[in-house]
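Please look over the structure below.

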Amino acid sequence: MSAPHTDVEQVEAANTAFYEAMERGDFDELSSLWLTPADLGVDEEYHDPADTGVVSCVHPGWPVLTGRGEVLRSYALIMANTDYIQFFLTDVHVSVTGDTALVTCTENILSGGPAPADGAELGPLVGQLVVATNVFRRTPAGWKLWSHHASPVMAESDGAEDDDTSADGANPDGGPLD
């Protein structure tokens, strides 16, 4: 077993590799980073891989995806429809207990979709703030992603635009509330 500080460094490297594979659109690399039944020493010929070490993923606004096939299909879909994506990770915290590691972070995402039909340039860039939890499992091949859960962070408002009601709940202009 490796030293705790080495485990943390290895998990940080696995977490970084996950986001870098997404940025490059490298589906093969991304797939190799997710836990497989073989990583757990399970013979897939005799066991349903969907029942063994089930991986899961929640993308912002999506339902829970379970099973390696379903999770990887979601990434293939995202990569096919995203021409550019870059992650700036902040607030990264790694915790390792035995053969399980938990990474929490804030994903500061800059992405662009397909170019408009009339031009070859990248579509408009969009920024998004997401908090994520990544769970890793130690395997003989290194740390593998077991679960990814990402949720959008609500943007802060300046207060003036969202304060459409007075203290008594009435619309300040006297009209009905929508």
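The notes below go from the overall fold to single residue pairs.

This is a predicted model, in which local features need pLDDT of at least 70, side-chain atom pairs count only at pLDDT 80 or more, and totals for chains, interfaces and linings use all residues. Residues are numbered from 1 along each chain as its sequence is written, and side-chain values use heavy atoms, with hydrogens and water left out. The protein has 3 helices and 6 strands.

**Overall fold**

- Along the sequence, the elements follow the pattern α-α-β-β-α-β-β-β-β.
- Helices (H or I, at least four residues) and strands (E, at least two) are DSSP runs, numbered from the N terminus.
- Of the 178 residues in the protein, 32% are buried.
- Buried means under 20% relative accessible area, exposed means over 50%, and partly exposed lies in between (1.4 Å probe, protein chains only).
- Among contacts with a separation of 6 or more, 51% join residues 24 or more positions apart.
- A contact here means heavy atoms within 4.5 Å.
- The protein exposes about 10600 Å², and carbon and sulfur atoms supply 54% of that area.
- Accessible areas come from the Shrake-Rupley method with a 1.4 Å probe; for residues, only the protein chains shown count as cover.

- Two strands pair if DSSP finds at least two bridges between them.
- Strand E3 (residues 84-97) pairs with strand E4 (residues 100-112) in the antiparallel sense, over 12 bridges.
- Isoleucine 85 has serine 111 in E4 as its bridge partner.
- The hairpin of E3 and E4 has 2 residues between the strands, and glycine 98 there takes a positive phi near 60°.
- E5 and strand E6 (residues 142-152) are also antiparallel, over 10 bridges.
- Asparagine 134 has histidine 148 in E6 as its bridge partner.

- Threonine 66 sits in strand E2.
- Threonine 66 is partly exposed, at 41% relative accessibility.
- Beyond its neighbours within four places in sequence, threonine 66 is in contact with Val54, Val55 and Ser56.
- Threonine 66 and valine 55 are 11 residues apart in sequence, and their C-alpha atoms are 5.8 Å apart.

**Cysteines and the nonpolar patch**

- The structure holds 0 disulfides (pairs of cysteine sulfur atoms within 2.5 Å).
- Cysteine 57 is buried, with a relative accessible area of 0%.
- Cysteine 105 is buried too, at 4% relative accessibility.
- Leu129, Val131 and Val153 form a nonpolar surface patch, with about 190 Å² of accessible area together.
- Patches are made of residues with over 30% relative accessible area and no salt bridge; like charges are joined within 9 Å, and nonpolar side chains (Val, Leu, Ile, Met, Phe, Trp, Tyr) within 5 Å.
- Valine 131 belongs to strand E5 (residues 125-139).
- Valine 131 is partly exposed, with a relative accessible area of 36%.

**Salt bridges**

- A salt bridge is a side-chain nitrogen of Lys or Arg within 4 Å of a carboxyl oxygen of Asp or Glu.
- By this rule there are 4 salt bridges.
- Lysine 144 forms a salt bridge with aspartate 39, and the closest N and O atoms are 3.4 Å apart.
- Lysine 144 lies in strand E6 and aspartate 39 in the loop between helix H2 (27-32) and strand E1 (56-58), so the pair ties together parts that are 105 residues apart in sequence.
- Lysine 144 is buried, at 11% relative accessible area, and aspartate 39 is buried at 15%.
- Aspartate 99 and arginine 138 meet through their side chains in a salt bridge (2.7 Å, N to O).
- Aspartate 99 lies in the loop between E3 and E4 and arginine 138 in strand E5, so this pair ties together parts that are 39 residues apart in sequence.
- Aspartate 99 is partly exposed, at 37% relative accessibility.
- Asp7, Asp99 and Arg138 are linked in a network of salt bridges.
- Aspartate 26 forms a salt bridge with arginine 24, and the closest N and O atoms are 3.9 Å apart.
- Aspartate 26 is partly exposed, with a relative accessible area of 27%, whereas arginine 24 is exposed at 52%.
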